[in-house]
Amino acid sequence: MSDTHNTRCGVVAVLGAPNAGKSTLVNQLVGQKVAITSAKAQTTRARMMGIALQGDTQMILVDTPGIFAPKRRLDRAMVSAAWEGAEAADAVLLLVDPIKQRRHELEPLIEQIAARPERKILVLNKVDRAKKEPLLALAQELSAKVEFADVFFVSALTGDGVPEMKEALAALMPEGPWMYPEDQVSDASERLLATEITREQLYKQLHEELPYDSAVRPEKYIQRPDGSVEIHQQIVVMRDNQRAIVLGKGGSRIKAIGEAARKELSELLGQKVHLFLHVKADERWTEDKEMFEEMGLDWVR
């Protein structure tokens, strides 16, 4: 495909306050699950990319972590990953949840992108649930602050309005050869994808009990001769009492987490998965440069 003369290829940075629905939107554009979706804010740690195809156009979607006031080193690494993602973009897409606007997080974003050179697209999410008049008023108010090339009203959840937006985004991409082969839908390596899926389960099942300072590290990823894959991961928490929470009574919790993650992984990878999880408590893990790099993040002092 990429040898034809009029293909297009570009990078779209997807920005928005935490929980605006970025991962859900990326999944809609790609047409399959690549970015993790979770009820917890700030779960997208790595620059998880999806690749969306529209006719002869390939769009690399950079799903940037929600940009919030960074307090800890982990947060700082996530924030720098977010802006790095937006630096080389051909378009910046700002996704806004009109219902929970999260003004304290939206305003700094608006200020930061106002001065950026890229073409900017405003996408108001949740049209299936928001009232029309306030929606239009919000679009007008934000357009007065930032010069948006286009405004779209969509529902990331139902997909309503997404095809039109995808077509408009594709038209903004520069002409050029595709960066990825057609069958490689995501460049997020399968190892990283596998840790994201486990981490999503970790949050899903322990959302109230486990704080953010937990991580999932890839250890081994072995393709077995019988066509199945063997995946070993380490769940790292800060304290022993958190380790006990993750393990659960008689190991019941970690078993449930592993089972759910294994099931989803085998569907995603299209092969049988053997998943081995173990939990380690290490109160200094957020100071560990190597661990950040394993999670696809830059070490930020």
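Predicted model: local features only at pLDDT ≥ 70, side-chain atom pairs only at ≥ 80, totals over all residues.
Figure 1. Residues are numbered from 1 along each chain as its sequence is written, and side-chain values use heavy atoms, with hydrogens and water left out. Lys126 lies in the loop between β5 (119–124) and α4 (132–145), where helices (H or I, at least four residues) and strands (E, at least two) are DSSP runs numbered from the N terminus. The phi of Lys126 is near 65°, a positive value in a residue other than glycine. Most residues other than glycine have a negative phi.

Figure 2. Five of the six residues of β5 are buried, so that the strand is mostly covered. Strand β4 (residues 91–96) runs parallel to β5 and is joined to it by six bridges, two strands being counted as paired if DSSP finds at least two bridges between them. Within this pairing, Leu93 has Ile121 of β5 as its bridge partner. From β4 the chain crosses through helix α3 (residues 103–114) to β5, and this β-α-β crossover is right-handed, a term used if, with the strands pointing away from the viewer, the path from the first strand over the helix to the second runs clockwise. Strand β6 (residues 150–153) also runs parallel to β5, to which four bridges join it, and here the bridge partner of Ile121 is Asp150. A right-handed β-α-β unit is likewise made by β5, α4 and β6.

Figure 3. Helix α6 (residues 190–206) has 17 residues and should span 24 Å at 1.5 Å a residue, which agrees with its end C-alpha atoms being 24 Å apart; the expected span is 1.5 Å times one less than the number of residues. Of these 17 residues, 14 are buried, and α6 is thus mostly covered. Thr198 is found in α6 and, at 0% relative accessibility, counts as buried. The side chains of Thr198 and Gln233 are joined by a polar contact of 2.6 Å, that is, a pair of N or O atoms within 3.5 Å, of which, within protein, one must be able to donate a hydrogen and the other to accept it, while residues adjacent in sequence count only if both atoms are side-chain atoms. Not counting residues up to four places away in sequence, Thr198 touches Val216, Gln233, Ile257, Ala261, Leu275 and Leu277, contact meaning heavy atoms within 4.5 Å.

Methods. Buried < 20%, exposed > 50% of the residue type's maximum accessible area, 1.4 Å probe, protein only.
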